[in-house]
Amino acid sequence: MTPQPLPPRLRSRVALGLTAIAAEGRFALQTCKSCGAAQYPAQEICAACLGVQLHWQDAEPEGVVIARTEVHQSLEPGFDSLLPLATGLVRHESGVTLLCFLHPGCTPDTRVRLHLRLDRGGAAVPVATPHDTDLKQEASLAHFSRSAHGRNVLITDASHAVGQACAQAIVAAGAAKVWLGMPDGSTSTGATGEIALPLNLVKPTESRHELDGIAPQVDLVVFTPSREPAADTRPEDSLAAFALVSEALAPALEARRGGWVSVLSAAAFALPPRQAAFAARMAALDALSRGLRARLLAAGGHVMIACPGPLDLPGTAARPGPKLTVDRLGHAICRALDQGIEDLFPDPVSQDLRARALAAPKTLERELAQMPDDYWR
Amino acid sequence: MSVAYDDVVLATPVTVPYEKFSIRGAQHFLGRALRGLLEVSGLDRSAVDGLCVSSFSLVPDSGIGLARALGLELSWLDTIPLGGASGIVSIRRAARAVQCGDARFVACMAGDTNQPGGFRENTARFSQATQDAVHPIGAGGPTQGFALITDAYMRRTSCRAEDFGTLCIAQRDNAAANPLALLRTPLSMDAYLASRPISTPLRMLDCVLPCAGAEAFLVMRRADALALKLPHCKLLAASERHNAFADDPIQSRGGWERDANALFAQAGRDTADIDLVQTYDDYPVMSFIQLENLGFCPTGAAAKFIAAHDLRASGDFPVNTGGGQLSVGQAGAAGGFLGINETIRQLTGQATGTQVENARTGLVSGFGMIAYDRGLCSGAAILEAA
């Protein structure tokens, strides 16, 4: 099968800043620290004052359509199946103008909502929709969504609370078929569309046989590693499990332009020093997930890495601080798939840690060293 | 006002006939253009001491690589990477070089090859802004950008598709008599309106045909042209303007609006003195904007203006008298030289198509380099029969 061509992927380094914003589902514009002027397309230097310090600053996702064209003939075969394609210039209140993909309901001289989305090649593009329009429900813009709706999904480990919550949310999102990986080998079938799959990833030969059996049908893998403390789980088991599943299913995901969700932890990037073994496992899985992402993106697939803060898991009631329920995590993952997000920080704690890690990683190391030992369990 | 061009003249218009595609490279077309200049002028290659070259497909070479390839030793060399504005800009550069004595005979040349798929590659990396923020949004090429400019123009002015059709049809009538034009079959309004959409509101027949070919002319002093017995025309005035009106939300005018008064003042002529106009017609809307910005009609009134005039070479307001790029073809950077050579030919009585009667004074404009949402370079020149 000849894979369908992808949209143009080439971007300058400064333009990749936009991709980083879109990967998190935010809307931001490159802005001059000296004079505040917004820049678009991304620049190396401020066009208004020649200031050299440009940063990405969240901006109001609003603008006015000032011109519109429907492209009937494209130079890139990656767009052929989408023609005719509505595009237009949208004037943002900052004074920059963005060439956008338009929802068909966007007409000249009307106010529209702006979104940054990752295209099939994984690069950011601006998209405009009328207000009160669900981008996901517009067929002509459906290629920006990675929704679980209608897809065949494998939950690698549905024996624990995170895997179960992901499965429930994905069934609710309208997945066609959901395989529930069962480390204990159980095969009892649950709700409609759910199929138990014996999958003990510590046993490579048997697991590989099961994975090969479903490979031709799988569209989306939700990798749910154990979150037990390091004493109960050897880090190398998690890494071997990832390698096993990704090697078995990546060729099928490439061919089907499928996806992968790694449900990890904010510990993957925050690296809490008092939970070093857990952090090491999550960080290693993060690295492996990025490797898989590069591979799948080149084929038009996608990989989302979810990094929640502490979860409200059985036995964590006494733990201090806010915790994210697994139900909310499952729904956040489905919503992020709808929006084509790559990097998910689904709760205030993970967002706070993310901001601290970006601002001052060394400070965060010392801050986290002061946290209780069991904070991340 | 900038210093007068004294007795700088343009002579020996050479066209390397256009081909839709070619297996040859840009060097081939530019080399044949130089050979044409030498044949027509009778000059020895060693007499050409200045070279001004424009090409998209000459990469990785610039002018110096070409000079080596063509065996030219030069005292003056320039490479103008300004697309459709390169022709006008090369006139300005070469004229000053000749006027100041830096060179005696400057060969101004533009040429490109065209290979299947070549247009896509050129478009994908036309500029960093294009690569980052235009090509990924549907890859409609320059037509998509000009469709947006056309859409805004039509809503601002109430101009209709038929008004653009009128210009395209007149240019095709002009092309019918020009053997250098790739498209010479007469065009009806029905056929124009029925041509398939490329990027709305633009149709197939609003778009130039990319092709391979070259254009070239020589810039020299009047005394040299007379000594060589070369038909020539005088350079009365020329202007260039880059990145004008950068704050306009969408392109509704070009740098001509800034420079038109100075251009006519330098020439000592008025719009009424112009016998023929060659606009840079990559898309009809740009011709409309040029007619407005250069003062032939008020802003937004181009449709009314062209309806009130006969634009054919035999008409009362001849425009793109050889057919323009829309009918002749666009050989890459040579597109900005096409109108210059047409003007030189008309003013020296050497038209390859229909000769405009009593053509004394001609205006030619250039426009180039759409980067992100607008064309950045505009220029114009007024030439007069010797």
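Trainee: Where is Pro201(B) in this predicted model?

Mentor: Look at chain B, in the loop between strand E5 (197–199) and strand E6 (202–203).

Trainee: What kind of peptide bond joins Thr200(B) and Pro201(B)?

Mentor: Start with the general idea: most peptide bonds are trans. The bond between Thr200(B) and Pro201(B) is cis, with omega about 5°. Chain A has a cis bond from Leu83(A) to Pro84(A), where omega is near -5°. Pro84(A) lies in the loop between strand E4 (62–71) and strand E5 (85–92) of that chain.

Trainee: And phi, what is it for Lys229(B)?

Mentor: Most residues other than glycine have a negative phi. Lys229(B) has a positive one, near 55°. You'll find Lys229(B) in the loop between helix H9 (222–227) and strand E8 (232–242) of chain B. Met369(B) has a positive phi too, near 65°, but Met369(B) sits in strand E10 (residues 361–371) of chain B.

Trainee: Is Lys229(B) buried or exposed?

Mentor: Exposed means over 50% relative accessible area, so Lys229(B), at 74%, counts as exposed. For His143(A), the cut-off is under 20% for buried, and its 14% makes it buried. His143(A) touches Leu82(A) and Arg120(A), leaving aside residues up to four places away in sequence.

Trainee: How do the axes of H4(A) and H6(A) cross?

Mentor: Check the distance and the angle: the axes of helix H4 (residues 235–255) and helix H6 (residues 276–298) of chain A come within 10 Å and cross at roughly 10°. Angles under 35 degrees count as roughly parallel, so H4(A) is roughly parallel to H6(A). Their crossing is right-handed. By class, the contact has 11 nonpolar, 3 polar and 3 charged residues.

How values were computed
Residues numbered from 1 in each chain as written. Chains lettered and ligands numbered in written order. Predicted model: local features only at pLDDT ≥ 70, side-chain atom pairs only at ≥ 80, totals over all residues. Heavy atoms only, no water. Buried < 20%, exposed > 50% of the residue type's maximum accessible area, 1.4 Å probe, protein only. Contact = heavy atoms within 4.5 Å. Axes fitted to C-alpha atoms, helices over the stretch in contact; angles between N-to-C directions. Helix = DSSP H or I, 4+ residues; strand = E, 2+ residues; numbered from the N terminus. Parallel < 35°, antiparallel > 145°, perpendicular 65-115°, else oblique. Left-handed = near helix turned anticlockwise from the far one by under 90°. Nonpolar A, V, L, I, M, F, W, Y, C, P; charged D, E, K, R; others polar.
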